[in-house]
Amino acid sequence: HISSLIDEAAKDENIKVIILRINSPGGSPTASETIRRAVVEARREGKYVIASMGDVAASGGYWIAVNANQIIASDVTITGSIGVYGGVPNIKGLLDKIGVNFDHVAYGDNAGMWSLNKPLSEGERKRLSLMMDNVYNAFTQRVAEGRMMNADAVENMAQGRAWRGDDAKQN
């Protein structure tokens with residue numbers, strides 16, 4: 001929904017500046033990327049975009065800010081957290097205790113990867129790790145491009161670290 005509001009503002013001739021207020025510890029890379037793309041499109045439409053960070057604009061909250069013309073944060077805003085994690089819970093033991101059983105048909109090595117009633121196989125673990133690496137690489141690439149930084153400098157500061165606003169500005 002936020003991305004559609006940004007799109008709407010980008011098309012409005014009477015709007016010259018978009019202020020995106022961010023107060024988020026993060027979340028879905030897909031949602032973050034959707035909002036970031038709306039910011040990019042708004043800038044292509046000639047809008048000046050300001051990302052105004054609240055108390056927290058970390059991880060996905062930072063992801064959506066990286067392409068803004070300007071980022072404003074207080075000295076104590078928590079931001080950054082350029083890292084990615086994920087997993088698949090295994091609740092088979094619980095399901096067994098309450099008498100819930102599953103049956104399934106699967107085709108392909110990773111077809112059951114998102115099942116909650118079995119542990120990940122070694123191949124599924126590798127696949128999940130590769131997926132997390134791909135999201136992390138996309139995140140660091142967007143930070144480098146959006147903040148006009150060297151990719152090595154971003155990598156040096158990333159790795160899941162969060163920063164206070166004054167330190168983030170310095171970095």
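Which residues form a nonpolar patch on the surface?

**View 1. A nonpolar patch on the surface of the predicted model.** The patch is formed by Ile91, Leu94, Ile98, Val100, Phe102 and Leu116. Together, these residues have about 540 Å² of accessible area. One of them, Ile98, is found in the loop between α4 (92-97) and α5. Ile98 has a relative accessible area of 56% and is therefore exposed, since the cut-off for this class is over 50%.

**View 2. The largest pocket and its lining.** The space in this pocket amounts to about 460 Å³. It is lined by 21 residues, of which Tyr62, Ile71, Gly165, Ala168 and Lys169 are the closest to the centre. Two or more lining residues come from each of β3 (70-72), β4 (78-80), α6 and α7 (165-170). Helix α7 provides the largest share, with four residues. Sorted by class, the lining contains 12 nonpolar, five polar and four charged residues.

View 3. Arg44 and Glu41 form a salt bridge whose closest N and O atoms are 2.3 Å apart. Arg44 is exposed, at a relative accessible area of 62%, whereas Glu41 is partly exposed, at 35%. The side chains of Lys92 and Asp96 form a salt bridge with an N to O distance of 3.3 Å. Lys92 is partly exposed at 37% relative accessibility, and Asp96 is partly exposed at 43%.

**View 4. The salt bridge between Lys118 and Glu124.** The closest N and O atoms of this pair are 2.7 Å apart. Lys118 is partly exposed, with 26% relative accessibility. Glu124 has a relative accessible area of 3% and therefore counts as buried, the limit being under 20%. Elsewhere, salt bridges with shared partners join Glu33, Arg36, Arg37 and Arg142 into one network. The whole structure holds six salt bridges.

View 5. Most residues other than glycine have a negative phi. Ser59 belongs to the loop between β2 (48-58) and α3 (60-63), and is buried at 16% relative accessibility. Met148 is in the loop between α5 (122-146) and α6 (151-157), and is exposed, with a relative accessible area of 75%.

Terms used:
Residues are numbered from 1 along each chain as its sequence is written. This is a predicted model: local features need pLDDT of at least 70, side-chain atom pairs count only at pLDDT 80 or more; totals for chains, interfaces and linings use all residues. Side-chain values use heavy atoms; hydrogens and water are left out. Buried means under 20% relative accessible area, exposed over 50%, partly exposed in between (1.4 Å probe, protein chains only). Patches are made of residues with over 30% relative accessible area and no salt bridge: like charges are joined within 9 Å, nonpolar side chains (Val, Leu, Ile, Met, Phe, Trp, Tyr) within 5 Å. Accessible areas come from the Shrake-Rupley method with a 1.4 Å probe; for residues, only the protein chains shown count as cover. A salt bridge is a side-chain nitrogen of Lys or Arg within 4 Å of a carboxyl oxygen of Asp or Glu. On a 1 Å grid over the protein atoms alone, a cavity is a set of points where a 1.4 Å probe fits but cannot get out, and a pocket is an open set with protein on both sides within 12 Å along at least five of seven lines; lining residues have an atom within 4 Å of a point. Grid points are joined across faces, edges and corners, and a volume is the space filled by probe spheres set on the points. Ala, Val, Leu, Ile, Met, Phe, Trp, Tyr, Cys and Pro count as nonpolar, Asp, Glu, Lys and Arg as charged, and the others, Gly among them, as polar.
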